[in-house]
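Here is a short briefing on a protein model. Have the sequence and the coordinates open while you read.

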Amino acid sequence: MLSRLPHTWRVHSLRVLSRNLQTQARYEYPSRDEQDDTSFLPRSGLATPRQLVRYLDEYVIGQDIAKKVLSVAVFNHYTRVRANLAAFSDESGTDPWSEASADDAQSGVSSAHLHPHPQRALPHQLPLQPRQPVSLFEKSNVLVIGPTGSGKTLLARTLARVLDVPFSVSDATSFTQAGYVGEDVDMCIQRLLQAANWDSYRASTGIVYIDEVDKIARKSSSTTESSRDVGGEGVQQALLRMMEGSVVSVQGKPASLEPPVPTARGRGSPAAAQQRPDTYHIDTSNVLFILSGAFVGLDTVVKRRVSKGSIGFTANLAPKEEDSDSKGFMPFFTSNRRSSENLLEMIEPTDLVKYGFIPEFISRLPTITTLSPLSTQDLRRILTDVRGSLIGQYTALFGHSDVEIRFTTASIEQICLRAVERGGGARGLRGIMESLLLDSMYEVPGSNVRYVLITEDVVLGKSPALYWIRGDGPAFWAAWADEEQRAERQQV
């Protein structure tokens with residue numbers, strides 16, 4: 001009919017029809033209101049810092065300050081993540097395509113409510129985000145410093161057990177610069193993605209724990225110029241942007257490990273067509289980094305800064321014992337109470353810079369906490385009180401062979417004293433227990449022995465372990481009671 005009209009009428013009719021037409025989207029995408037970015041976070045099950053500390057007390061002895069710091073850091077981390085994601089969803093909830101001017105409404109032109117392409121509609125999948133909103137709360141990464149065997153790794157493993165969130169543990173010893181033999185720093189994010197079951201949403205709000213971080217300190221200038229420090233300052237530079245918050249590209253799961261997807265006969269399944277992407281883009285802005293290390297020799301740097309030198313006849317000279325200690329290690333075992341004798345508690349960022357870390361790396365670790373060396377009382381509680389205690393483990397081990405083993409109070413005290421002399425913290429206890437029970441673990445299985453008693457003389461090496469066969473239970477308990485009464489008389 002339009003072909004029979006004059007040219008001017010034909011143009012006018014096309015303009016009227018174009019105003020009343022409403023274009024249709026080629027694909028249907030879920031609206032932003034239907035997408036809940038915080039659905040995977042724990043809502044009511046997130047424990048308070050006090051509850052986290054109470055849970056850590058069941059497995060870790062002492063270290064009250066470190067427990068409080070880690071519990072508060074974890075709780076604030078997920079509070080901050082929830083607030084940032086809520087603010088991001090509110091800001092991105094306003095669709096600029098849905099805003100129509102009053103002139104367009106009066107002219108009869110209706111909005112089509114088009115949705116962009118999925119890869120352009122979801123900003124979290126893009127490596128570059130020019131319109132990403134600024135986070136309301138900045139994250140506070142944590143640095144844990146303490147001697148070996150004081151419980152750094154155990155704290156991290158215990159937190160990972162109680163938290164229902166992605167948690168990855170990496171060792172900084174194997175980290176090298178990109179292009180050299182070793183692991184790239186991106187491996188810690190890949191392990192986090194694996195812990196999240198290859199879910200990029202959950203991985204972007206997880207926790208990364210890096211142990212032995214003191215091994216990536218800058219090497220001294222005494223090395224030859226031809227050797228390149230591929231595992232020191234270069235690794236720190238690679239961790240800078242990741243700790244601050246950037247998009248890290250991680251390789252996906254290999255195709256050989258993909259489970260087969262069943263398809264309907266005669267037609268392809270939509271699930272089979274959607275394969276797992278080869279590369280994931282993880283935004284580390286909401287990833288909490290917890291770094292730990294023993295930092296052997298850092299006490300010497302602190303001692304040089306704290307000590308005030310003087311000259312003259314009335315100068316206070318340090319005794320020879322302090323001079324010899326300054327060249328070696330800090331004593332492993334001191335009281336767990338906060339005192340001025342523990343030099344690790346007086347650490348400042350300048351000390352870490354002198355130790356071998358660049359200032360940019362230390363500035364991204366605003367929270368620094370230290371672990372006190374374990375005392376004799378702490379070692380005793382590790383042997384007997386905590387969950388998974390060493391004596392409980394060996395008692396259960398002998399119980400599988402239908403053998404009952406007992407330790408006297410005096411023997412436990414001697415084991416703790418030997419651990420103090422040996423050093424190594426809680427790890428030293430296991431070494432002592434292994435050497436002490438070696439003969440018993442060799443002779444008892446498969447024999448008629450049913451009772452084993454470890455006394456103080458056995459720990460001191462004056463006598464072997466005492467054995468009783470089946471039916472000699474009363475004699476075994478009588479010998480154990482006599483040893484306990486003799487220990488009480490010696491204490492009085």
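Predicted model: local features only at pLDDT ≥ 70, side-chain atom pairs only at ≥ 80, totals over all residues.

The protein has 21 helices and ten strands. Of its 492 residues, 37% count as buried. Among contacts with a separation of 6 or more, 77% join residues 24 or more positions apart.

**Helix α15 with helix α18**

- Helix α15 covers residues 376-384, and helix α18 covers residues 426-436.
- Their axes lie 10 Å apart, and the packing angle is about 60°.
- The crossing of α15 past α18 is right-handed.
- On the α15 side, the contact uses Leu379, Ile382 and Leu383.
- On the α18 side, Ala426, Leu429 and Met433 meet them.
- By class, the contact of α15 with α18 has six nonpolar residues, no polar ones and no charged ones.

**Helix α15 with helix α16**

- Helix α16 spans residues 390-399.
- The axes of α15 and α16 come within 4 Å and cross at roughly 30°.
- α15 and α16 are therefore roughly parallel to each other, because the cut-off for that class is 35 degrees.
- Ile382, Leu383 and Thr384 of α15 make the contact with Leu390, Ile391 and Gly392 of α16.
- The residues of this contact divide into four nonpolar, two polar and no charged.

**Helix α2 with helix α6**

- Helix α2 runs over residues 49-56, and helix α6 over residues 152-162.
- The two pack at an angle of about 120°, with axes 10 Å apart.
- α2 and α6 are therefore oblique to each other, as the roughly perpendicular class ends at 115 degrees and the roughly antiparallel class needs over 145.
- α2 passes α6 in a right-handed crossing.
- Leu52, Tyr55 and Leu56 are the α2 residues in this contact.
- Leu155, Thr158, Leu159, Arg161 and Val162 are their α6 partners.
- The contact of α2 with α6 counts six nonpolar residues, one polar and one charged.

- Most residues other than glycine have a negative phi.
- Gln63 has a positive phi, near 55°.
- Gln63 sits in the loop between α2 and α3 (64-92).
- Is Gln63 buried or exposed? Gln63 is buried, because its relative accessible area is 4% and the limit for buried is 20%.
- Asn197 also is not a glycine, and its phi is positive at about 60°.
- Asn197 lies in the loop between α7 (187-195) and α8 (200-203).
- Asn197 is exposed, because its relative accessible area is 63% and exposed means over 50%.

**Tyr209 in strand β3**

- Tyr209 belongs to strand β3, residues 207-211.
- At 2% relative accessibility, Tyr209 counts as buried.
- Tyr209 and Ile290 are 81 residues apart along the chain, yet their C-alpha atoms are separated by 4.8 Å.
- Leaving aside neighbours within four places in sequence, the contacts of Tyr209 include Lys152, Thr153 and Ala156.
- Phe167, Ser168, Val169 and Ser170 also touch Tyr209.
- Ile290 and Ser292 complete the list of contacts for Tyr209.

**Glu183 in a loop**

- Glu183 is in the loop between β2 (167-171) and α7.
- Its relative accessibility of 24% makes Glu183 partly exposed, because buried means under 20% and exposed over 50%.
- Glu183 and Asp171 are twelve residues apart in sequence, and their C-alpha atoms are 9.8 Å apart in space.
- Not counting residues up to four places away, Glu183 touches Ser174, Phe175, Thr176 and Arg191.

**Cysteines**

- How many disulfides does the model have? The count comes to zero, with 2.5 Å between sulfur atoms as the cut-off.
- Cys188 is buried, at 0% relative accessibility.
- Cys416 is buried as well, with a relative accessible area of 0%.

Technical notes:
Residues numbered from 1 in each chain as written. Heavy atoms only, no water. Axes fitted to C-alpha atoms, helices over the stretch in contact; angles between N-to-C directions. Left-handed = near helix turned anticlockwise from the far one by under 90°. Contact = heavy atoms within 4.5 Å. Nonpolar A, V, L, I, M, F, W, Y, C, P; charged D, E, K, R; others polar. Buried < 20%, exposed > 50% of the residue type's maximum accessible area, 1.4 Å probe, protein only. Parallel < 35°, antiparallel > 145°, perpendicular 65-115°, else oblique.
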